[in-house]
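Student: I have just opened this structure and would like to talk it through. Could we begin with the terms and then go region by region?

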Amino acid sequence: MAVDAPGVTESEIRVGGVASVTNPLGAHYDEHFEAVDAYFRMVNEDGGVHGRDLVLAARHDDQLANNDAAVQALLTQDDVFAVLPVASLLFAGADELVQANVPTFGWIINPEWQGTPDDPRANLFGQYGSFLCFGCASPTVPFVASQEGAQRIGLLAYNVPQSAQCATGAERSFEQYAAPGSATVVFADKSLGFGTADLSAQVAQMKDAGVDLVLTCMDLQGVVTLAREMKRQSLDATQYLVNAYDREVLTEFGDLFQGSVVMTFFAPFEVDDPPDGLETYLEWMERTGTEPNENTMNGWLSAALFVAGLREAGPDFSRQKVIDAVNAMTDWDADGLLAGVDWTKAHTDQADPACAAFSRIEGDAFVPVFGEPGKPFVCVDLAAEGVPGGTPTA
């Protein structure tokens, strides 16, 4: 069927993406591109979508500071139907994508993804929802503390808005959700400079305060610096890590993180009875020589949601029909990779229940914890009181 839309020909649907490939963290955000390409190869091998092959036609490196220019190039030069993946540390071009109403899929770490009732940003789709409230309370971290038997929480963050708000959210989480007489934050420092190399004073204070669980709103370099200092001062406390599900982390720093708890929003690769979506992802990572890790999973999820919306839009698809199709999904789980996203609410409302999967670093492996066989996610209602009381496992 003839479709009159940018990036669409009789034989192809062309998309393009942008990532902070050049970045000060040394992170491999280009892996998002590789995962999208792998997903498209899988779909094309099975006949494509609506008789057309999917093509990742443009890959821009925004070099951290040039996201707006990269987005402009996607909109004005590359002739793409949709934008994916987005894996940018700074998402300065978000407003232009909203104004152009281009379906956009990517890694939700930036506040620009989130909508409001007056500005729902209905064309921006994060890989597990688009609501991102750094300062909001959530029962997830108090649940982890309860499972670890932790009573005294230490909290470290940088003196930049996203990091500091993340720490504030953690404080609010314990105030709202922790059972009476259970875990409380006894030490918090939100004044750290980005790239700090000396955390000796903070670790000493946490040791004096009897901290037994350490939460951080920091990058990998920061948590490595912290772990080294904790080891040097013999601070016997578990670290809770939200961005460390990567075998490279185990290879380089596994000795520092033994016993640490790692959180993911997707089903960990090591779960018993893996869901269909995980088996497919791992198969295609192997077939394409792509590393299975958090970056590639995020890119894979972006591609999967785009394709799901494209298929639902029908053979006479358009950008708006794809946007509408995704926003009508009430329980999108990528064949079990996610706990489920209600896209009728996911732009403007905090996910309820709050769901995540957890693993512990043991030796050279991530070992799933807290869940049940075939049920990798732990989900806690936002209305829960006295976590872990009333904590369901999904």
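Tutor: We begin with strand pairing: two strands pair if DSSP finds at least two bridges between them. Helices (H or I, at least four residues) and strands (E, at least two) are DSSP runs, numbered from the N terminus. This is a predicted model, in which local features need pLDDT of at least 70, side-chain atom pairs count only at pLDDT 80 or more, and totals for chains, interfaces and linings use all residues. Residues are numbered from 1 along each chain as its sequence is written, and side-chain values use heavy atoms, with hydrogens and water left out.

Student: How many bridges join β1 to β3?

Tutor: Strand β1 (residues 12-19) is joined to β3 by four bridges, and the two strands run parallel. Within this pairing, V15 has A82 of β3 as its bridge partner.

Student: And which residue of β4 is the bridge partner of V86?

Tutor: The partner of V86 in β4 is G106. Strand β4 (residues 104-106) and β3 pair in the parallel sense, over two bridges.

Student: What do β3, α3 and β4 make?

Tutor: Together with helix α3 (residues 94-100), the strands β3 and β4 make a right-handed β-α-β unit. A crossover is right-handed if, with the strands pointing away from the viewer, the path from the first strand over the helix to the second runs clockwise.

Student: Is β3 mostly covered or open?

Tutor: Strand β3 is mostly covered, as six of its six residues are buried. Buried means under 20% relative accessible area, exposed means over 50%, and partly exposed lies in between (1.4 Å probe, protein chains only).

Student: Which residues other than glycine have a positive phi?

Tutor: Q63 has a positive phi of about 50°, and D335 has a phi near 55°. As background, most residues other than glycine have a negative phi, and most peptide bonds are trans.

Student: Where is Q63, and how accessible is Q63?

Tutor: Q63 is in the loop between β2 (53-61) and α2 (67-76). Its relative accessible area is 45%, so Q63 counts as partly exposed.

Student: What about D335: buried or exposed?

Tutor: D335 is exposed, with a relative accessible area of 57%. D335 lies in the loop between α11 and β11, the loop where P353 is also found.

Student: Changing topic, how many disulfides are there?

Tutor: The structure holds three disulfides, where a disulfide is a pair of cysteine sulfur atoms within 2.5 Å. Numbering the bonded cysteines in sequence order, the pairing is 1-2, 3-4, 5-6.

Student: Which cysteine is joined to C133?

Tutor: C133 is joined to C136, with an S to S distance of 1.9 Å. The link is right-handed, with 85° about the S-S bond. C133 is partly exposed at 31% relative accessibility, and C136 is partly exposed at 23%.

Student: What handedness has the link of C166 and C217?

Tutor: That link is left-handed, with -70° about the S-S bond. C166 lies in helix α5 (residues 161-177) and C217 in strand β8 (residues 213-217), so the pair ties together parts that are 51 residues apart in sequence. The sulfur atoms of C166 and C217 are 2.0 Å apart. C166 is partly exposed at 27%, whereas C217 counts as buried at 13%.

Student: And how far apart are the sulfur atoms of C355 and C379?

Tutor: The sulfur atoms of C355 and C379 are 2.1 Å apart. The torsion about their S-S bond is about 120°, so this disulfide is right-handed. C355 lies in strand β11 and C379 in strand β13 (residues 378-380), so the pair ties together parts that are 24 residues apart in sequence. C379 counts as buried, at 5% relative accessibility.

Student: Last topic: which residues of α11 are buried?

Tutor: The buried residues of α11 are R319, V322, I323, A325, V326 and N327.

Student: What do the buried residues of α11 pack against?

Tutor: They pack against β4, β5 (124-126) and α10 (294-313), where contact means heavy atoms within 4.5 Å. Strand β4 is the strand that pairs with β3.
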